[in-house]
Amino acid sequence: MFAQFPAPLNARFARNRLAVAGLVVLFLFLLFCFVGPLVYSTDQTHTDLSQVNLAPGGAHWLGTDAVGHDQLGRLMYGGKISLLVGLAAGLLATVIGTLWGAIAGYAGGWVDAVMMRVVDAGIAIPALFILLVVSAITDPGPLGLVGILGVVSWLVPSRLVRAETLTLKSRDYVLTLRAIGGTHGRAIGRHILPNSVSTIVVAATFQIADAILLVAYVSYLGLGVQPPATDWGGMLSAGLTAAYSGRWWLIVPPGLAIILVVCAFNAIGDGLRDAFDVRGRA
């Protein structure tokens, strides 16, 4: 997607060194999690009690955990789930919020008032609380987490897109389309949403970062992906007690991975926001 941006936009993004660093970090983690297992193959399903809690060394570069799983391989495996769930949930939340906000802003009047009161009510309830309650009741897998996160996280994007729609619907090209008999759906699909792409893209990056954090929170509390599968939050939870025994390799790598990936998405989001901002053009 980045490669398809207009050249001036690429240049403005490239001037933000922190955003570029975030893009590089994200690319390296994608390689690590999705290509790494092809190079560094490990068994993350079966336990090996003869290899329990080994320190980092030649055979196991990041040591092993309490059931003998290779920690480096588990970091790759858990990262794949964390990234896939975070990406899918963030995009789902952005899609739902975009459609909701565009319809509310374009319709206006009582439709807008009712739809935005729903958003206000949802924002008043912390997303993490809803996620914990639903996870405790349903015991979701990765696909279930994507659905739950998408449903509880779309509220902020909807407000952003609604604000953008309120501005765009009064533009001449939208009014002209309506004057010649164009439908509301055509106005939204051909003019409102394409001209809101900057808001949507920036919102998506922040939603993905938030989704990765929420998945880590839930898994840390034991309500996320269940063994033998895992994610970075689950690895943190499993290694917490071991950290007091000096086995740092069970908690530091997944903790750093979460911090770096979330910071990378936030930096990319900041860079895209600055690049899309017309006032930032020089």
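## Starting with one residue

Is Leu31 buried, partly exposed or exposed? In this predicted model, Leu31 has a relative accessible area of 37%. Buried means under 20% and exposed means over 50%, with partly exposed in between, so Leu31 counts as partly exposed.

## A nonpolar patch on the surface

Leu31 sits in helix H2, and it belongs to a nonpolar patch on the surface.

Which helix gives the largest share of the nonpolar patch? That is helix H2, which covers residues 17-39 and supplies 9 residues.

## The whole chain

Of the 282 residues in the protein chain, 43% are buried. The accessible surface comes to about 14,200 Å², and carbon and sulfur atoms account for 69% of that. Among contacts with a separation of 6 or more, 70% are between residues 24 or more positions apart.

Have a look at helix H11 (residues 232-243) and helix H12 (residues 252-276), which pack at an angle of about 150° with their axes 8 Å apart. Their crossing is left-handed. On the H11 side, Trp232, Gly233, Met235 and Leu236 make the contact, while H12 brings Pro254, Gly255, Ala257, Ile258 and Val261.

Conventions. Residues numbered from 1 in each chain as written. Predicted model: local features only at pLDDT ≥ 70, side-chain atom pairs only at ≥ 80, totals over all residues. Heavy atoms only, no water. Patch = residues over 30% accessible without salt bridge, like charges linked within 9 Å, V, L, I, M, F, W, Y side chains within 5 Å. Areas by Shrake-Rupley, 256 points an atom, 1.4 Å probe, with all protein chains shown as cover. Salt bridge = Lys/Arg side-chain N within 4 Å of Asp/Glu carboxyl O. Helix = DSSP H or I, 4+ residues; strand = E, 2+ residues; numbered from the N terminus. Buried < 20%, exposed > 50% of the residue type's maximum accessible area, 1.4 Å probe, protein only. Axes fitted to C-alpha atoms, helices over the stretch in contact; angles between N-to-C directions. Left-handed = near helix turned anticlockwise from the far one by under 90°. Contact = heavy atoms within 4.5 Å.
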